[in-house]
Amino acid sequence: MKRSTAIGLAAAGAVAVVVGGATGWSLLNGEGRPATAVSRPQAPPDPAKGKLVYEYWCSTCHGRGPGHPGTQSLEVRYQGAMPAVLEDRTDLSPEAVAYYVRNGSALMPFFRKTEISDADLRDMGAYLARDREEEAR
Amino acid sequence: MPIRRSGASRRSASLPRRWPANVEETQAIVRIANDTSIPIYPISTGKNLGYGGSAPALSGSVVLDLKRLNRVLDIDEQNASVLVEPGASYFDLYRAVRDSGAKLWIDCPDPGWGSPVGNALDRGGGYTRAQFRNHFDAHCGMEVILPNGELLRTGMGAMPGAKTWQQYKPGFGPWIDGMFSQSNFGIVTKMGFWMMPEPEACLIGRIYVDRYEDLSALVRILTYLENAGIVNGMPGLGSPLLQRRVPADPQSDAPNNASAVDQTVHDAFYAGDDAARALIAEQVKSTGRSCWNALVKFYGPARMVRMQWELSKEKFSEIAGVRFAEPEFYGFPLSDTDLEKIHKPTFGIPSLSIFNFGIRTPLRPEPLVGHQAFSPVIPRTGEAIFEVNKVFARIFKEEGLPLPPFNLPGCVWERTLMMICVFPTSKDAETNRKYRKALLRLIAESAKRGWGEYRTPVAYYDAVMETYSFGNHALRRFHETVKDALDPKGIISPGRYGIWPRRNRKADGAG
């Protein structure tokens, strides 16, 4: 095609560093922590918070009843072999939830960290996997 | 790559994203981009599915994600207006208005996860009264970061301490707001919108006609009623015989093509000759389904909407044999039963149910993985609807693609029609290539007939801008002059809507 302005990752990194210097705003991830933070102890995921995250971001498509395309599509896919409403599933792992949220599936788009932060995603994974974890205990 | 879904440009490999949380941080990024000549591509909620998603037009651009600027800054019930940031979604605005207790309705497009600011800037539309469903027209005042990092307020907002920023649109001097829609001249960080006060009632009327040739009169009368202010909600056209439902039918949220329709009937609608009309008449008789239907919506006091429906019926009665269904009448708040079955955006409620158009169904075991929309603006006549369908069908046939069902346009905008064709994106590269080729041909062939796109996926920006060529591309050259003056380094969204900065333009001036 006509244009391909090549800009390396190093240049992009420079932008972030200078911005931080200029405004006091560091290169942040979606949770307000430095992207380079290492081995910081994380609070355990909170399924109650995860329920709120799920209701805000997911239930408009995956909720119960008519008018929820995600649920409608899974109904056809599973044909009753598995619940079509994600909240009714007992086989979901936090890792599977995270995969679909960050990558999307079919018409479902991926969700960015500015939308669902990593912390929110961990909470939501814990919520959707709550029955699975109870079984494991 | 996920960013290529939904019609994004193949050039669109973006760098890691940066996430400001307020205007000052966004300004700082713009200044740095200017200092380093690195192009940035601002997005609001980053959806825009069907028109390119969050993908930049220029490979290598840094996506500037404004999602964290997500506040609803003001809700003024008496003025029926709001002031919002670009990262707030229609769901956010709906919740904020409800929580405030203000008796105001939002006007939203079908996907409620989008941004009122982003959608208005892309000149999207909704479903309620004309002055609100045209989202850009509904705005009143904006705040913009210019490419040099300066902050500009338009309209009355240009006056420090203005009391009427969300009351009077133009302010003083040239009204420049339009320059920040479908462009790359600045980054809008605040936008005011006028809202509809919650109506006492909504009445939905349905009109049925049986003859193929009745479409022209149906469209003519519908248009008159809307222009005269009698029909004040979004009207719609459908065909019961083809099982093409009216878009946004409050009683049917089921997608089109949920059940198969005999292709010979569609072929007859395309052909429209004597033999075809005879077949259609026979089908109308044998199935009991009418050939066409229209749907009209009225918002206002109960007594008034009933009167408007009576006046509309009188006018539609000019068509011989016209029939009317018993109107549906809605008061507010809606009952739980109504909420389960209605098309929510018709009632100012955001939803995501539109995505049932591409999900897995018994007739479509493999769901779509994306889509791109081809949306030319066409004249508001029955003749134009027939002609557009014939031209599009011929191109699909010549490109070796399955013949689409006979399509009816949307009546989103006043005085014109919009023929929205949704092209599926599949996992088969060859099929996708065929659709892209067909879409480019449709853009060019439509332009030859005077039909132009209102909006397009990123990959077709240049092809569409190429068709707006009056005066040896005077419009594009004007855009380029403005771009070079405001953004000499070309850092904001190069290529967006076919506007390229000097450093990215070819010698002949085209993008």
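Trainee: At roughly what angle do the axes of α5(B) and helix α10 of chain B cross?

Mentor: The model is a predicted one. In it, helix α10 covers residues 382-398 of chain B, and its axis and that of α5(B) come within 7 Å. The two axes cross at roughly 125 degrees.

Trainee: Is α5(B) parallel or oblique to α10(B)?

Mentor: Angles of 65 to 115 degrees count as roughly perpendicular and those over 145 as roughly antiparallel. The crossing is at roughly 125 degrees. Therefore α5(B) is, relative to α10(B), oblique.

Trainee: Which residues of α10(B) make the contact with α5(B)?

Mentor: From α5(B), the contact uses B:Leu215, B:Ser216 and B:Val219. By class, the residues of this contact are 3 nonpolar, 2 polar and 1 charged. On the α10(B) side they are B:Gly382, B:Glu383 and B:Ile385.

Trainee: What is the handedness of the crossing of α5(B) and α8(B)?

Mentor: Helix α5 spans residues 214-227 of chain B and helix α8 spans residues 302-316. Their axes come within 10 Å and cross at roughly 145 degrees. The crossing is right-handed.

Trainee: How many nonpolar residues does the contact of α5(B) with α8(B) have?

Mentor: B:Ile221, B:Tyr224 and B:Leu225 of α5(B) meet B:Ser312, B:Lys315 and B:Phe316 of α8(B). The contact includes 1 polar and 1 charged residue. Its nonpolar residues number 4.

Trainee: In chain A, how far apart are the axes of helix α2 and helix α6?

Mentor: Helix α2 of chain A runs over residues 47-57 and helix α6 over residues 118-128. They pack at an angle of about 100 degrees, which means α2(A) is roughly perpendicular to α6(A). The separation of the axes is 7 Å.

Trainee: How many charged residues are in the contact of α2(A) with α6(A)?

Mentor: Among the contact residues are A:Lys49 and A:Lys51 of α2(A), and A:Asp120 and A:Asp123 of α6(A). The contact also has 7 nonpolar and 2 polar residues. The charged residues number 4.

Trainee: What is the radius of gyration of chain B?

Mentor: Chain B fills a C-alpha box of roughly 70 × 55 × 45 Å along the principal axes. A compact globule of 511 residues would have a radius of gyration near 24 Å, so the value for chain B agrees. That value is 23 Å.

Trainee: What distance separates the centres of domain 2 and domain 4 of chain B?

Mentor: Domain 2 of chain B covers 201-331 and domain 4 covers 465-504. Their centres, taken over C-alpha atoms, are separated by 42 Å.

Notes:
Residues numbered from 1 in each chain as written. Chains lettered and ligands numbered in written order. Predicted model: local features only at pLDDT ≥ 70, side-chain atom pairs only at ≥ 80, totals over all residues. Domains from an automatic or database assignment. Axes fitted to C-alpha atoms, helices over the stretch in contact; angles between N-to-C directions. Helix = DSSP H or I, 4+ residues; strand = E, 2+ residues; numbered from the N terminus. Parallel < 35°, antiparallel > 145°, perpendicular 65-115°, else oblique. Contact = placed C-beta atoms within 7 Å. Nonpolar A, V, L, I, M, F, W, Y, C, P; charged D, E, K, R; others polar. Left-handed = near helix turned anticlockwise from the far one by under 90°. Rg over C-alpha atoms; globule rule 2.2 N^0.38 Å.
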